[in-house]
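Please walk me through this structure in the viewer, one selection at a time. I would like to know what to click on next and what is there.

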Amino acid sequence: MQSRDPSEQAIITKTTIKAPVSVVSAAAENAKSFLAGGFGGVCAVLVGHPFDLTKTRLQTAPPGEYTGGLDVLKKTLARDGATGLYRGVVPPLLGVTPIFALSFWAYDASKRLIRAFTPNRTDTALSTGELAAAGFLSAVPTTLVTAPVERAKVLLQVQGQGGSTMQYKGVFDVIGHLYREGGIRSIYRGTFATLARDGPGSAAYFAAYEVTKKALAPAGASSSDLNIGQVILAGGTAGVAMWSIAIPPDVLKSRLQSAPTGTYSGIMDCARKTIATDGVKALWKGFGPAMARAFPANAATFLGVEASRKVMDKLF
């Protein structure tokens with residue numbers, strides 16, 4: 001029997017060991033992206049939900065119901081107390097972990113995909129356009145979870161508005177009612193509008209965060225070594241970048257998801273009827289509360305993501 005050369009044996013052994021190690025490392029990175037995104041999402045909801053409720057009520061209320069965001073807050077507090085500001089918070093809290101977890105995981109996976117499709121690149125760092133493309137791609141799988149969560153959240157947020165009756169007892173009551181009313185299709189109403197909001201929005205979101213991090217990093221330092229204040233600034237900037245372009249499709253999404261069945265045939269019909277009834281300015285309803293929420297909520301998101309990621313990097 002022919003003996004194997006020691007150097008050849010070493011190469012085989014090294015290759016055999018390297019493959020599973022690489023697989024384990026990739027799985028660990030995926031897990032970190034997923035868990036960090038989920039934690040960041042919880043932080044975002046706890047900080048931003050009162051702003052989100054205000055935005056949704058402004059977007060869906062009949063003309064003249066409110067004079068502005070402060071009027072929404074005043075009437076909500078007078079009618080429901082401080083807990084009223086967190087009406088509809090259960091759907092995003094239940095859905096936020098998979099939504100944000102999926103979003104941050106998909107973003108990292110999309111960056112790897114872009115690198116895989118450009119093997120001859122001279123610079124390992126992605127360009128701003130490539131970061132935006134990765135952000136857009138991250139919204140595609142995320143929408144499958146976001147759309148039904150948004151549908152339930154919007155219906156819970158608008159009930160009781162304008163003296164309407166309290167139709168739903170909670171998130172599971174909403175989902176059950178929607179399923180009996182129109183099956184899965186009813187639960188997923190507004191999916192395309194959600195993607196129309198989150199695709200371009202996520203492109204701006206992640207690109208703005210990465211660009212701001214790079215700009216804030218001291219000369220010669222890595223953008224991953226930013227202090228808490230810099231992470232807050234970068235995260236807040238990302239939120240402002242997203243919501244500066246996301247409001248019109250968000251208005252249409254809210255109206256599609258809260259309207260009685262048969263009111264709109266789709267997003268274009270909703271846009272046409274909204275403009276015909278309330279003018280083009282109606283597409284920007286809720287802009288003030290959305291922008292007021294954008295900085296603190298997304299600063300909290302990225303602070304949660306970065307902090308939890310550092311903890312996990314130390315653990316595994």
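The tour below goes through a predicted model, with stops at salt bridges and then at a pocket.

**Stop 1: Asp313 and Lys32.** Start with charged pairs, of which the structure holds 23 as salt bridges. Select Asp313 and Lys32: their closest N and O atoms are 3.0 Å apart. This pair brings together distant parts of the chain, since Asp313 sits in helix α9 (residues 287-315) and Lys32 in helix α1, 281 residues apart. Now show the surface. Asp313 is partly exposed, at 43% relative accessible area, whereas Lys32 is buried, at 5%.

**Stop 2: Asp80 and Arg87.** Next, pick these two side chains, which form a salt bridge at 3.4 Å, N to O. Arg87 has a relative accessible area of 19%, so it counts as buried under the 20% cut-off.

**Stop 3: Glu150 and Lys253.** Here the closest N and O atoms are 2.8 Å apart.

Stop 4: To find its centre, select Leu155, Val158, Ser258, Ala259 and Pro260, the closest of its 26 lining residues. Helices α1 (6-60), α4 (128-158), α5 (171-187) and α7 (228-258) each give two or more residues to the lining. Colour the lining by type and you will find 10 nonpolar, 12 polar and four charged residues.

Notes. Residues numbered from 1 in each chain as written. Predicted model: local features only at pLDDT ≥ 70, side-chain atom pairs only at ≥ 80, totals over all residues. Heavy atoms only, no water. 1 Å grid on protein atoms, 1.4 Å probe; cavity = no way out; pocket = protein on both sides within 12 Å on 5 of 7 lines; lining within 4 Å. Helix = DSSP H or I, 4+ residues; strand = E, 2+ residues; numbered from the N terminus. Nonpolar A, V, L, I, M, F, W, Y, C, P; charged D, E, K, R; others polar. Salt bridge = Lys/Arg side-chain N within 4 Å of Asp/Glu carboxyl O. Buried < 20%, exposed > 50% of the residue type's maximum accessible area, 1.4 Å probe, protein only.
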